[in-house]
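Colleague: I would like to learn how to read a strand in its sheet. Can you take me through one case?

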Amino acid sequence: MPRSARIIEPSKLGDFGLRLIGTTDIDGNGTQHAVDQVDPIVLFDFVKTRTGGKSAFRPHPHFGLTAMSFLPSTGAWGAWDSLAGESDHELHPGGLYYVHAGSQAFHHEFATPETTAADEVVEFVQLVWNATDETDVRTVILQPDELPVLASEDHIVRVMAGNLCGLEAPQPFSHRDIIYAYVQLLSDRSLELDLPRTMNGMLFPIEGGMKVNEEELGEQRMMILGDDGGTLSVFRSDPNQPTRFLIAAGEPTNRPFYKLLGLGGFIIGETENGVRAMMTELEKQAEGIKKEVPHYFPEQYL
């Protein structure tokens with residue numbers, strides 16, 4: 001049966017975040033927001049928060065997935081992972097931090113001391129893809145000047161993965177075709193976006209409402225793309241309001257997965273027994289990581 005585009009209302013994620021894609025794990029833990037028809041995307045969160053004060057986050061595990069972290073507008077983020085330690089590079093607005101965990105890895109992201117001291121409002125986006133059929137494990141920070149940008153008086157398109165608007169971005173992980181881009185609409189003229197019909201995907205306006213092929217999409221709501229065509233015509237709903245949005249799409253894996261939360265993160269795998277065994281192994285690794293980098297752990301986790 002053909003799909004039609006669907007508008008999704010987000011679930012609250014703590015005090016400052018929204019969950020657009022994701023669900024509880026095999027034990028019923030987590031934020032309930034089951035959304036189908038977005039394979040290969042397994043999680044999509046948007047957070048807007050102040051950076052002052054102590055962080056509640058800790059080094060946490062991933063397995064069977066590729067996580068992409070993105071800062072749309074302000075702030076700077078540091079990164080540590082169990083593969084290479086603390087990165088010499090910071091994530092800046094417009095750049096992208098990849099954690100490709102076809103095999104297990106721990107990673108941690110945190111506001112830089114300068115961003116923390118500024119106590120500024122920062123937008124943070126986490127997009128996670130299914131990688132249960134891959135085994136590679138790496139982390140990479142792509143700086144803003146490493147990503148292609150199409151800029152005009154009408155719009156700015158920053159392509160962070162795949163091919164869009166004639167631009168091709170680095171895709172260091174996943175043999176699967178994906179598209180990920182950040183778009184700013186600067187005028188009332190429409191922008192045409194061509195996507196392969198074989199891809200599943202979504203649109204998310206961070207700021208401002210928009211129309212997608214004449215269908216209204218409100219601020220911080222999500223549209224799951226339907227089967228009604230590979231070309232999207234997008235434009236601002238309000239000519240006096242800035243509009244910024246994310247678009248993500250990918251070739252589906254058509255593979256079921258099992259999700260398990262633990263140690264401040266989550267893993268996915270092909271079987272329930274497999275993810276439980278992996279979490280047991282990761283729990284042992286976490287004890288060593290606490291001794292290695294205790295300064296990254298809030299006191300309640302030590």
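Modeller: Start with pairing. Two strands pair if DSSP finds at least two bridges between them. Keep in mind that this model is predicted.

Colleague: How many bridges join strand β16 to β23, and in which sense do they run?

Modeller: Eight bridges join β16 (residues 178-185) to β23, and the two strands run antiparallel.

Colleague: Over how many bridges do strand β18 and β23 pair?

Modeller: Seven bridges, again in the antiparallel sense; β18 covers residues 200-207. Here Phe-204 stands opposite Leu-246 in β23.

Colleague: Now the faces. How should I read them?

Modeller: In a regular strand the side chains alternate between the two faces of the sheet. Now apply that to β23. One side carries Thr-243, Phe-245, Ile-247 and Ala-249, and all are buried. In total, eight of the eight residues in β23 (residues 243-250) are buried.

Colleague: Which side chain does the Arg-244 side chain join in a polar contact?

Modeller: That of Tyr-182, at 3.0 Å.

Colleague: What else is Arg-244 in contact with, leaving aside neighbours within four places in sequence?

Modeller: The contacts include Pro-72, Ser-73 and Glu-123. Also among them are Val-183, Gln-184, Phe-204, Pro-205, Ile-206 and Glu-207.

Terms used: Residues numbered from 1 in each chain as written. Predicted model: local features only at pLDDT ≥ 70, side-chain atom pairs only at ≥ 80, totals over all residues. Heavy atoms only, no water. Buried < 20%, exposed > 50% of the residue type's maximum accessible area, 1.4 Å probe, protein only. Helix = DSSP H or I, 4+ residues; strand = E, 2+ residues; numbered from the N terminus. Polar contact = N/O pair within 3.5 Å; in protein donor to acceptor, adjacent residues only side chain to side chain. Contact = heavy atoms within 4.5 Å.
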